[in-house]
Amino acid sequence: MGSDSEEGFFADGYANPDDGGSGGGGHRWILMVGVFLLVLVIGGGVAAYAVDSSQKDQIADGIKIGGVDVGGQNAADAKAMLERKLVIPLNKPLRVNFDGNNWTLPAARLKVSDDIDRAIDKALAASRSGGMPNRLIRYITGEKVKKTISPDVTYSQQAVNEFVRRISGDVNRDPQNASIAATGDSLNVVPGKPGLEVRDNDLTNKLKKAAVTLTGTRSIALKTQETQPKVGTRNVAKDYPVYLTLDRANYKLSVWNDLKLTKSYTVAVGQAGLETPAGLYHIQDKQVDPVWTVPNSAWAGDMAGQVVPGGTPENPLKARWMGIFDGAGIHGTDETYSLGSAVSHGCVRMGIPDVIDLYDRVDVGTPIYIG
């Protein structure tokens with residue numbers, strides 16, 4: 001019985017201390033495996049950290065700055081590449097051309113500048129994103145970081161605005177209103193002409209884009225647009241509802257309504273040395289039974305400077321007055337024998353019924369061309 005109990009005790013799995021069996025060796029083996037794994041983990045971590053640290057100044061594959069692939073470059077090499085591929089190409093003049101003319105905005109005035117250092121910092125930050133485990137996976141698998149960074153490009157907005165204004169000043173042309181070319185006995189319409197205007201918003205936007213863009217041309221074709229006159233050929237007559245012409249050689253005063261001849265009168269004009277002034281004038285004032293202030297001229301004799309009331313026999317300005325220029329005007333006369341000749345002291349004489357008729361046809365401001 002006693003021996004059976006002892007066998008049962010060892011059979012229950014308790015090692016005999018005198019046995020030299022596997023019980024104590026198993027514990028030592030587990031300990032050795034644990035120590036090995038710990039060393040492996042610690043060693044691997046140190047190695048992983050070392051690998052990750054070695055990449056801290058490296059830009060990950062797949063990252064571009066301003067369209068330039070800087071993947072695999074360190075900060076210094078990336079900056080040198082960007083200086084060569086971004087900065088130098090952008091520091092070139094901008095040109096505008098139109099109708100055989102060319103304008104240049106020099107690079108020195110445009111002052112293009114790229115903040116490359118900041119763009120590289122962004123690239124390095126993107127390369128370090130995602131935590132070390134993710135970065136280690138990228139290092140092992142060769143996975144790329146797909147990211148494009150736009151560098152902050154600046155330029156002189158003032159230089160662009162001044163450039164656009166200079167071009168506009170050279171190109172812009174005001175439209176010309178339709179007008180009237182008159183002679184003593186005719187009216188002719190001078191057609192209006194459209195103006196020309198730079199599409200300055202379009203030009204400004206294109207210059208801004210060209211200043212910061214590597215692709216495409218730095219030479220811009222200028223776009224313009226026509227500007228229409230306020231008074232066109234078809235509606236010029238509306239600006240001249242009434243127009244007078246005086247043909248001194250033929251002693252004829254004509255009225256034109258909407259540029260069409262409607263009435264003509266026989267008149268007298270200024271004599272030699274006191275001619276009715278030639279050129280384009282306008283009716284300056286109108287009076288019924290005008291007062292006559294006698295001019296201080298030699299021909300006035302003793303009456304020079306006197307004021308003669310209107311409607312009196314002594315007043316030669318009969319019935320109506322329409323002033324033209326510097327004392328000269330249109331008035332009625334009872335010396336009808338003088339009509340059709342050059343006998344006045346510069347005024348235009350008309351028969352009294354005719355001057356009353358004309359007076360009602362014209363307003364102050366009505367043009368009169370004396371030829």
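How many nonpolar, polar and charged residues does the lining of the second largest pocket have? The first legend gives the answer.

This is a predicted model, in which local features need pLDDT of at least 70 and side-chain atom pairs count only at pLDDT 80 or more, while totals for chains, interfaces and linings use all residues. Residues are numbered from 1 along each chain as its sequence is written, and side-chain values use heavy atoms, with hydrogens and water left out.

**Figure 1. The lining of the second largest pocket.** By class, this lining has three nonpolar, five polar and four charged residues. (Ala, Val, Leu, Ile, Met, Phe, Trp, Tyr, Cys and Pro count as nonpolar, Asp, Glu, Lys and Arg as charged, and the others, Gly among them, as polar.) Look for Ile59, Ala60, Asp61, Arg128 and Tyr139, which are among the lining residues. The volume of the second largest pocket is about 240 Å³. On a 1 Å grid over the protein atoms alone, a pocket is an open set of points where a 1.4 Å probe fits, with protein on both sides within 12 Å along at least five of seven lines, and lining residues have an atom within 4 Å of a point. A volume is the space filled by probe spheres set on the points, which are joined across faces, edges and corners.

**Figure 2. The largest pocket.** Here the space amounts to about 710 Å³. Of the 30 residues in the lining, Trp292, Trp299, Leu317, His345 and Cys347 lie nearest the centre. Strands β19 (292-293), β21 (318-325) and β22 (328-333) each give the lining at least two residues. (Strands are DSSP runs of E, at least two residues, and helices are runs of H or I, at least four, numbered from the N terminus.) By class, the lining has 13 nonpolar, 10 polar and seven charged residues.

**Figure 3. Helix α3 beside helix α5.** The axes of α3 (residues 75-90) and α5 (residues 116-127) come within 10 Å and cross at roughly 130 degrees. (Axes are lines fitted to C-alpha atoms, for helices over the stretch in contact, and angles run from 0 to 180 degrees between N-to-C directions.) The two helices are therefore oblique to each other; angles under 35 degrees count as roughly parallel, over 145 as roughly antiparallel, 65 to 115 as roughly perpendicular and the rest as oblique. Residues of α3 including Leu82 and Val87 take part in the contact (heavy atoms within 4.5 Å), as do residues of α5 including Ile120 and Leu124. By class, this contact has seven nonpolar, no polar and three charged residues.
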